[in-house]
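Subject: A structure for you to look through

Dear colleague,

I am handing over a structure that I would like you to read alongside this email. Please keep it open while you go through the notes below.

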Amino acid sequence: MDGARRFIPAPLRVGTGPTPAELAELVAVDVAAELGRRRDGPADWVLPLVRADVWMQWLVEQSLAREGLDPVSAGPEVFASRSAEVEQEQLERVAGVLAAAGLCPEEGTGPDPATAGATAFVSLYEAGLISFADRVVTSCPRCQTVVADAEVEAGEPASGEEVAVLAVPLVSGEEGGDVDAELFGAELLDGVAALVVPEGHPAAGDEATLPIVGRTVPVVPDPGAAGPFLLVPAHRRDHWSVAAARGLAAPVVMTADGTLTSGPWEGLARYAARQQALEALASAGALVGTRPDRSPSRRCRVCGTAVVDRLGSYWFLASASLAEAAAAAVAAGDVAVSPAVAGPAVGRALAATGDWCVSLQLRAGSPVPVGWCLDCRKPTVAVSGPGSCGACMGELRPDGSALDPWFVAASWAAEVLRDRGGTLVVPASVPEPEVIAVLHRLAGGSLAVAVLPAGAEGSEDHLLDAEAASELAGRLRRDPWTAEAAGVVLGEAS
Ligand SMILES: [Zn+2]
Ligand SMILES: [Zn+2]
């Protein structure tokens, strides 16, 4: 440890550059470091960067598209070299914006981010906190990767999206035949695992026969059901928990890019399949009607494509259990939160954190440090890359997925903090609960969570050029609240 106090704000995305709110936080961190320097000597701040994420991948694809290329025709080597070029351009652009705002995070040689990410993955795996598991995750068919909830934009219900209401015959027939049940996405009919009815419904405990596909499914009561609906557990996260609690099968009937893989519409893309499914149900006399789907549309923030929920096997960090420890530390006062009234809110946000899918399918990025045995099929998890199987010495094939760049950035920041000492300042005005929980665990100690002033108008999506950054930073530095909030942070952190 070199003794300097070191402030580490939330990671900044290189692929987009700072939003006004992010810049405001960085200015407040900078003011805190400056006040600390005047009062107690050396203090600086280190900025973790989110590189090679889905935004950066999009930029690289756009760059290739301008030459009539796509990632597949260009090949992995061209994609990798173009990625490096685009990252360099973006790094320079971000550096220009930060410099114009008078922000100078510490330069120099930190730990290698990819190694930091891999090391953190291995240590969390060995602690039983990362595991390979089946979960319903959200993927973008266009970006071809799992996307985090933060990358999914909920919007107005899409026009033309309809919920089918089907007449589903009961096997016993004792209750007068059919139950009218809703199906979200008629093309998913072959993925139905149960007919769910409200508690006390007379059909509960019976069995029902799915129209067209002819399969029999149980009729199960659920207290959360407002009316009868068909359960599609592999393709809806809220359905998955209902099925998992009852041990129901969850048939996967669609790829992550939205192509049907089983049933009468196999091989069709989702919307074409939906059209055919509705027509087939209507001519079979099983379609009672349709109603507009009033649930919010969910689109990939990067490319605007409607996302797909799908059951799959990925690496998950049990961030809820990390968050529990971090929330307890907030409650006990071991983690400073400024202002103190925000403490319970930060604790709640951390406690509400679900499992974090840390393996993405990005074309460039830090590889998940796992090899799968070709003989015994067990994973070997090691920083140094695939050697031979830890169980049977068999040959390994690389996992092939990439670590979530937010996980890499948090691991890098935690390593800086642990190796060189410092005070971690996590601006909670834009909460990244998973990142906070990981930092808390990996840095293993002093963590100051600061609720810093947002102080910036404008949409989150509005990105700053150098001139706007300079203007905003000047305004924030003149704002007494910035200095005051930063002073409070420093008081609690030192
Ligand atoms: Zn996308
Ligand atoms: Zn093996």
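In what order do the three strands S21, S20 and S22 form an open sheet, and is the pairing parallel or antiparallel? The order is S21-S20-S22, and the pairing is antiparallel. Before the details, please note that this is a predicted model, in which local features need pLDDT of at least 70 and side-chain atom pairs count only at pLDDT 80 or more, while totals for chains, interfaces and linings use all residues. Residues are numbered from 1 along each chain as its sequence is written, and chains are lettered from A and ligands numbered from 1 in the order in which they are written.

A few terms come first. Helices (H or I, at least four residues) and strands (E, at least two) are DSSP runs, numbered from the N terminus, and two strands pair if DSSP finds at least two bridges between them. A residue is called buried if 20 or more other C-beta atoms lie within 10 Å of its own, exposed if 12 or fewer do, and partly exposed in between, with the C-beta atoms placed from the backbone.

In the loop between S21 and S22 you will find Met-393, which has a positive phi of about 65° although it is not a glycine, and which counts as exposed because it has 12 C-beta neighbours inside 10 Å.

Another open sheet has four strands in the order S6-S5-S16-S18, again with antiparallel pairing. Its edge strands are S6 (145-146) and S18 (356-357), and each pairs on one side only. S5 and S16 run antiparallel and are joined by ten bridges, and Asp-134 stands opposite Ser-313 in S16.

Strand S8 (residues 162-169) pairs with S9 in the antiparallel sense over seven bridges, and the bridge partner of Val-163 is Phe-184 in S9.

Which residues of helix H5 (residues 237-246) are buried? They are His-239, Trp-240 and Ala-243, and they lie on the same side of H5 because they cover an arc of only 105° around the axis, the arc being that of the directions from the helix axis to the C-beta atoms. The face of H5 turned away from this buried side carries the exposed residues Asp-238 and Ala-245. Strand S5 (130-140), strand S13 (229-231) and strand S16 (308-317) are included in what covers the buried residues of H5, where two residues are in contact if their C-beta atoms, placed from the backbone, lie within 7 Å. Just after H5, Gly-247 takes a positive phi of about 70°.

Helices H2 and H3 (residues 71-100) pack at an angle of about 115°, with their axes 9 Å apart. That makes H2 roughly perpendicular to H3, given that angles under 35 degrees count as roughly parallel, over 145 as roughly antiparallel, 65 to 115 as roughly perpendicular and the rest as oblique. Among the residues that meet are Met-56, Leu-59 and Val-60 in H2, and Pro-71, Ala-74 and Phe-79 in H3.

In the loop between strand S4 (49-50) and helix H2 (54-65) is Ala-52, whose phi is near 45°, a positive value in a residue other than glycine. Ala-52 counts as buried, with 27 C-beta neighbours inside 10 Å.

Two pairs apart in sequence

Gly-36, found in helix H1 (residues 20-40), is buried, with 25 other C-beta atoms within 10 Å. The C-alpha atoms of Gly-36 and Arg-6 are separated by 9.9 Å, and the two residues are 30 residues apart along the chain.

Ala-284 is found in the loop between helix H6 (270-283) and strand S14 (287-292), and it counts as exposed, with 12 C-beta neighbours inside 10 Å. Ala-284 and Ile-212 are 72 residues apart in sequence and 7.4 Å apart in space, C-alpha to C-alpha.

Notes
Axes fitted to C-alpha atoms, helices over the stretch in contact; angles between N-to-C directions.
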